[in-house]
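Trainee: Could you walk me through this one before I start planning around it? I would like to go piece by piece.

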Amino acid sequence: MIDAPAALSFDGVTRSFPDRHGGRTTALRGVTWLARAGVVTGLVGPDGAGKTTALRLAAGLLTPDSGAVRVLDLDPVAQVGVVRDRIGYMPQRFGLYEDLTVGENLRLFADLQGVPHAARPDRFAQLMRIAGLGPFLDRLAGRLSGGMKQKLGLACALLKEPDLLLLDEPSVGVDPVSRRELWKIIDGLVAGRGIGVVVATAYLDEAERCGEVVVLDRGEVLATGAPAGFAAQQRGRVLELEPAPGEPPRALQVACAELPGTIDSTIRAGRVRVVTASPPRVEQLAAARGARSHAGVTPSFEDAFMAQLAGRHERLPVGRRERAVEPAADDVAVRVRDLSKRFGAFAAVRSVSFDVRRGEIFGLLGPNGAGKTTTFRMLCGLTSISDGEATVAGRDLRRAGRLARLQLGYMAQKFSLYGALSVVENLRFFGRAYGLRGRRLRERIQVGLEEFGLVERRDDEAGRLPAGYKQRLAMAAALLHEPAILFLDEPTSGVDPLARREFWQRINAVALGGTTVVVTTHFLEEAEFCDRMLIMARGAVLALGTPDEIRTLARTAAHPEPSIEDAFILLAERQGDAA
Amino acid sequence: MSARRGWLVARPGLGRTLGFLRKETLQIVRDPSSIALALVMPVVLTFLFGYGVSLDAEDVPIAVVLEDPGDAARDLVASLQGSPQFEVVRADSMPAAERLVREHRAEAVLRIRRELGEGLAAGGPAPVQLLLDGVDSNRARLIGSYVDAAIGRAAAIRRLRGEAPGVPLVTAVPRTWFNPALRSTHFLVPGLVALVMTLTGILLTALVVAREWERGTMEAVLVTPLRPGEFLLAKLLPYYALGMGGMLLASGIGVTVFGVPLRGSFAALFAISSLFLLASLGLGLVISSSVRQQFVAAQASILAGFLPAFFLSGLLFDLGSTPPAIRVISHVVPARWFVEASHTLFMAGDIGAVLWRDAGVLALMAFVLLAIARRKTTTRLAEDRA
């Protein structure tokens, strides 16, 4: 495998772009790496690492400032015609025409790539079978779910049977079931035809599936090699703690995160997983809190990745440690009974009931089209309720929608602040929109700036902030009026692993302060941070409970420690069989 | 069928262009807003200009204060009443007449004083007082000249009856060429055609390429073997067809519904419209390949395309009466040349000297703009995008 020919190679490649202040920012700084035929190579790194620039250079969409890029032993700039005939490229957001049908998209890209007419019927049928899109040939691409779009985008990139396939963040906005299917297709291609595949991704579990990984950060290659080899470097530094009975894993995780020497700490399958430079400290903490410590845990690629990046990125201390309110079953912040939403004849949400307790983090999970966004929108008062009842902070949404809305803060999936206004101007506007004035407004803005580390950026234009800061600002704005309930719609979609960790720390702090948090997410591993969660599919409730309860649903003798994702996939398959 | 396919495979460029062209056509057919802009708007605009916008004054309400009960005064009033331009409103006194003007119930006041009969009888000057609402100065001048004409007619009648002595020594007999009825619709509709084609050519085209950038489809297309020339051709053809469709609709309605003459040949109109449309499409493509955002593309199209076509082309305002600087600037506006050609074709005929010059300038502009668009369309992403 190691001796397979290079499908793509970068040799000392530098590429910079003019920035807005008249200077240049360097996206790639003298990077050298290669991707072999017959191997899936993962380009892994946080936002701004240079992953997309690297793929665009490989596709000949950009020219390097210096250094050499070789694609299939060809120059992608001088021999652009030949190279483009032999590569398949799927840009971010899949590059599909949403106002054309599945079949029309295929036909267009077949025309553009010069696929012979005689070969088309077989090729189309084959690709549609692989992608599972056969029944949807006449559906507009814009009406497909994220997962189906992804597979159609892949099919369009594969029409000409490329020798090198380049995929730019193929899984953003795609549910876990579809992500697994994509990887099955890719693995099949590599095994069957021995093509080279390069995948840029911020999903570390995907990186783990790659044959080789190139870790990029801020335009530099930090390391290359097989994911397993990376992981091995962290042997002995990874511990798993099983919290004492009654202690929520989240509290233990916060304590671990603050220990000196801790590189990374997350919650996995109900346990706190810690990567640390000093395992004895963690053992001590575990002993003090009555947690059972498991040493000798096999390190994962994610552990190694976080260790690679440790110290390269600034991390904000997150305030607040004490829990203000202990969520109790009889202290209900959001109450939903038989909630339904119909769009014409289509029932997007069917008779959903649940309670969210005050001060808890409540997750709303499910694949695209499950109805979670619609449910969420009804609770925020953004869309009308067809049937059933919903109260938020004691206010009936159907009768006292305006009063209910004053009790909630909302953070939209896309950055929805004013890009041309400064940080503080945005806060001032949103504060006033929620009725804050005078001294109180000034105080709340100051608190928000400090809490979210925005003091030094208070006069920066919001649109020019780095992605992580934009999210901080959005959250600060949503919390200005001290809402009883904070609604977050896919807050971590398209956000890199570093920012995701910081985000959950913040959410944790907000919840500890007594604010109820309702959050939707695609990332099932993040569900571990929720107190309880609701899993939806096809408009109905699939499961409701604590992460532990949900995992128990999938526990079998063969699979004693399932993850939330395993449970989710099992539940979805069961529902599919029943339907 | 298979023979045709074999032929396509032998010419991959043609296959790519046709594929992209088919996609473009499907998108237009499925997007009601582009159809509305290209085909419905010309119809609406033509009717709006035809019925609603008129530079002529008709049925102007004029208040008449009749202080002289004599025959001469009555003849004058009768002459006003008989004219299609006026709607006579009687007022008892000057204050009453002035109130009518303030309340917008009259646009002019004609005061016929007691001295009229006496003055005429004495063979001396016989003044009447005319008050005009000067808010719209052009219209005031127009109304003034209509009143002059009515007074002239009244005097002529009196002379015919032998009541007035003397015959003027010289009389001018005006004769209007090209637009004998002096109907402004005949002037407006040919200019409107320029406006319609500007909107389709620049705005629609600028939007569609910017849309490809915004939606991320451009990147997917760029990595295919499609060449820039093929891309441009496939973008040009459908919008050329739409633009010409709009032109034909607007001129067809002008000719059939509003009786605008087409004195030149249809072939010449078609040819010069094509050149103008190509220049507009070229400008649209230049805009869209430069800005890459639909919102900015729309703004740039309005500023660089629509406003100059409206104000600097002579379709509404005579360029001859604008300051020299504006007149010089207007030479770089394609619509200026097309409006000149269009006015000539509709109202005068195939005047070779004018049309060849206009066509030549438009062809040059089309060539330059399309060449710039071709240069700006590459198979790579621009320098400044990460």
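Trainee: Which domains does the assignment give for chain B?

Mentor: The domain assignment of chain B gives domain 1 (9–53 + 183–376) and domain 2 (60–160), where the bounds come from an automatic or database domain assignment. Before going further, keep in mind that this is a predicted model, in which local features need pLDDT of at least 70 and side-chain atom pairs count only at pLDDT 80 or more, while totals for chains, interfaces and linings use all residues. Residues are numbered from 1 along each chain as its sequence is written, and chains are lettered from A and ligands numbered from 1 in the order in which they are written.

Trainee: How many Å apart are the centres of those two domains of chain B?

Mentor: Taken over C-alpha atoms, the centres of domain 1 of chain B and domain 2 of chain B are 48 Å apart.

Trainee: And what is chain B built from, how many helices and strands?

Mentor: Chain B has 15 helices and four strands, with helices (H or I, at least four residues) and strands (E, at least two) taken as DSSP runs and numbered from the N terminus. Of its 386 residues, 38% count as buried, a label that needs 20 or more other C-beta atoms within 10 Å of the residue's own, with exposed meaning 12 or fewer and partly exposed in between, and with C-beta atoms placed from the backbone.

Trainee: What share of the contacts in chain B join residues at least 24 apart?

Mentor: Among contacts between residues at least 6 apart in sequence, 79% join residues at least 24 apart; a contact here means that the C-beta atoms of two residues, placed from the backbone, lie within 7 Å.

Trainee: Okay, helices then. At what angle do α8 and α11 of chain B pack?

Mentor: Helix α8 (residues 184–214) of chain B and helix α11 (residues 266–291) of chain B pack at an angle of about 30 degrees, and their axes are 7 Å apart. That makes α8(B) roughly parallel to α11(B), since angles under 35 degrees count as roughly parallel, over 145 as roughly antiparallel, 65 to 115 as roughly perpendicular and the rest as oblique. The axes are lines fitted to C-alpha atoms, for helices over the stretch in contact, and angles run from 0 to 180 degrees between N-to-C directions.

Trainee: Is the crossing of α8(B) and α11(B) left-handed or right-handed, and which residues meet there?

Mentor: The crossing of α8(B) and α11(B) is right-handed; the rule is that a crossing is left-handed if the near helix is turned anticlockwise from the far one by less than a right angle, and right-handed if clockwise. Residues of α8(B) in the contact include G201(B), I202(B) and T205(B), and those of α11(B) include S273(B), F276(B) and L277(B). By class, this contact has twelve nonpolar, eight polar and no charged residues, where Ala, Val, Leu, Ile, Met, Phe, Trp, Tyr, Cys and Pro count as nonpolar, Asp, Glu, Lys and Arg as charged, and the others, Gly among them, as polar.

Trainee: How do α10(B) and α11(B) pack, then, what angle and what distance between axes?

Mentor: Helix α10 (residues 228–256) of chain B packs with α11(B) at an angle of about 130 degrees, with the axes 10 Å apart, and the two are therefore oblique to each other. α10(B) passes α11(B) in a right-handed crossing. Among the residues in that contact are K235(B) and Y239(B) of α10(B) and L281(B) of α11(B), and by class the contact has nine nonpolar, two polar and one charged residues.

Trainee: Switching topic, how many residues of each chain are in contact with the other?

Mentor: 31 residues of chain A are in contact with 29 residues of chain B. On the side of chain A that touches chain B, β1 (6–18), α1 (51–58), α2 (80–86) and α3 (102–113) each supply at least two residues, and α3(A) gives the most, with six residues. By class, that side has 16 nonpolar, eight polar and seven charged residues.
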